[in-house]
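Work through these exercises with the model open beside you. Try each task before you read its solution.

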Amino acid sequence: MHNFEFQHPTAFILLALIICIYKCPLSIKKIVFPHTSLFRQHTGWINKEKLLYSLILSLLVTALASPASYDSKNAQQRKGRDLVFALDTSGSMNESGYSSKESDASKFTILENLMKSFVQKRFDDNVGVVVFGSYAFSPVPITYDMHSLSYMLDFLEVGMAGSSTAIGDGLARSLDMLQKSHAKNRVIILVTDGYQNSGETKIKNAVLRAKKLHVKIYTIGLGKKNEYDKKLLEKIAKDTKGVSFAATNADELKDVYKELNTLEPSAIRSEHYLNKEVLFTYPLAFAILLLLYMLAKRRT
């Protein structure tokens, strides 16, 4: 499906100058047109000239507004991967002291800020978010709009899904989102700082389902090694051909996201990716032809 739009529609305000062509001829001829004979009142060519200059001005303003057409179907079918963040929002994520630079900031706040920086670099990926605590749900569906995603991250908070840790439910809900995906690469990034102690889904079953769907799972454990189930996270990643990371502090977590960008690179979006066609040359060319016509007419 093709769409049409003006990239700078405010330029049409300049069409108000057409009024001056008819109402302010003395001013127009001094400022815009060097030929003082354009607005003589005793020739039959005057009205035609004003009409032509109005048309030329309209065409020039239309070109300035930068009309363009693009293929909206391609905009929805991005070439990247579908990626879902499964985030632990249990009570322990509210603990501070994770960052030496921001001692009062909670682990979850630091995680949110790093995620915002991460998703802004995902040019051709679709990204969604699942949060889990005592249960799991998706506050942000899979989307290619990274600005809206970053905005929605500000509304996430610790405890919004309960105070426990249902890792299996978090994975299951993430897989539900990816099951309908047609992307060639599908990825889950699981982030937690605890042990499975709640939920209805067994982690083993969730991992088997991920393998059937060819979904790769990266796991990130936050805090000291004895504070979360390190062996479990390593097994989840290994069984799904992902990688397990450990981040004992904010600096290490930042390095993890840098490595994720390397392991799952996002292709740089091409300017022609949406089959975009700039159309300003058509009204501009027509305006130039009319100007040449008027010059030739005046010489005769």
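**Exercise 1. Serine 99**

Task: Find which backbone nitrogen the side chain of serine 99 reaches. Then describe the surroundings of serine 99.

Solution. 
- Step 1. Keep in mind that this is a predicted model.
- Step 2. Locate the residue. Serine 99 sits in the loop between strand 3 and helix 5.
- Step 3. Follow its side chain. The backbone nitrogen of glutamate 102 is reached at 3.2 Å.
- Step 4. The cut-off for buried is under 20% relative accessible area. Serine 99 has 9%, so serine 99 is buried.
- Step 5. List the contacts. Not counting residues up to four places away in sequence, serine 99 touches Ile110 and Ala250.

**Exercise 2. Glutamate 102**

Task: Is glutamate 102 buried, partly exposed or exposed? How far apart in space are glutamate 102 and alanine 250, C-alpha to C-alpha?

Solution. 
- Step 1. Glutamate 102 is in the loop between strand 3 and helix 5.
- Step 2. Read its relative accessible area. The value is 42%, so glutamate 102 is partly exposed.
- Step 3. Compare sequence with space. Glutamate 102 and alanine 250 are 148 residues apart in sequence. Their C-alpha atoms are 9.2 Å apart.

**Exercise 3. The two sides of helix 10**

Task: Check the span of helix 10.

Solution. 
- Step 1. Take the span. Helix 10 covers residues 250-263, which is 14 residues. From first C-alpha to last it reaches 20 Å, close to the 20 Å expected at 1.5 Å a residue.
- Step 2. Recall the rule. An α-helix has 3.6 residues a turn, so residues three or four places apart point the same way.
- Step 3. Look at the start of helix 10. There a side-chain oxygen of asparagine 249 comes within 3.1 Å of the backbone nitrogen of aspartate 251.

**Exercise 4. The core and its aromatic rings**

Task: Which residues touch the most other members of the largest nonpolar core? Then examine the pair of phenylalanine 85 and phenylalanine 118.

Solution. 
- Step 1. The largest nonpolar core has 35 residues, and Phe85, Val129, Ile189 and Tyr257 touch the most other members.
- Step 2. Trace the sources. Elements that give two or more residues to this core include strand 4 (126-132) and helix 6 (146-153). Helix 5 gives the largest share, seven residues.
- Step 3. Check phenylalanine 85. At 0% relative accessibility, phenylalanine 85 is buried. Beyond four places in sequence, its contacts include Met115, Val129, Ile189 and Tyr257.
- Step 4. Check phenylalanine 118. At 3% relative accessibility, phenylalanine 118 is buried too.
- Step 5. Count the aromatic pairs. The structure holds six. Phenylalanine 85 and phenylalanine 118 form an edge-to-face pair, with 5.7 Å centre to centre and 90° between the planes.
- Step 6. See what is joined. Phenylalanine 85 lies in strand 3 and phenylalanine 118 in helix 5, so the pair ties together parts that are 33 residues apart in sequence.
- Step 7. Phe85, Phe118 and Tyr257 form one aromatic cluster.

**Exercise 5. Phenylalanine 245**

Solution. 
- Step 1. Phenylalanine 245 is in strand 8.
- Step 2. List contacts beyond four places in sequence. Among them are Tyr218, Ile220, Val256 and Leu260.
- Step 3. Take one distance. The C-alpha atoms of phenylalanine 245 and lysine 230 are 9.1 Å apart. Along the chain these residues are 15 residues apart.

Technical notes:
Residues are numbered from 1 along each chain as its sequence is written. This is a predicted model: local features need pLDDT of at least 70, side-chain atom pairs count only at pLDDT 80 or more; totals for chains, interfaces and linings use all residues. Side-chain values use heavy atoms; hydrogens and water are left out. Helices (H or I, at least four residues) and strands (E, at least two) are DSSP runs, numbered from the N terminus. The expected span of a helix is 1.5 Å times one less than its number of residues. A polar contact is a pair of N or O atoms within 3.5 Å; within protein, one must be able to donate a hydrogen and the other to accept it, and residues adjacent in sequence count only if both atoms are side-chain atoms. A nonpolar core is a set of buried Ala, Val, Leu, Ile, Met, Phe, Trp, Tyr and Cys residues joined through side-chain atoms within 4.5 Å. Buried means under 20% relative accessible area, exposed over 50%, partly exposed in between (1.4 Å probe, protein chains only). Contact means heavy atoms within 4.5 Å. Rings of Phe, Tyr and Trp (its six-membered ring) pair if their centres lie within 6.5 Å; planes under 30 degrees apart count as stacked, over 60 as edge-to-face and the rest as tilted.
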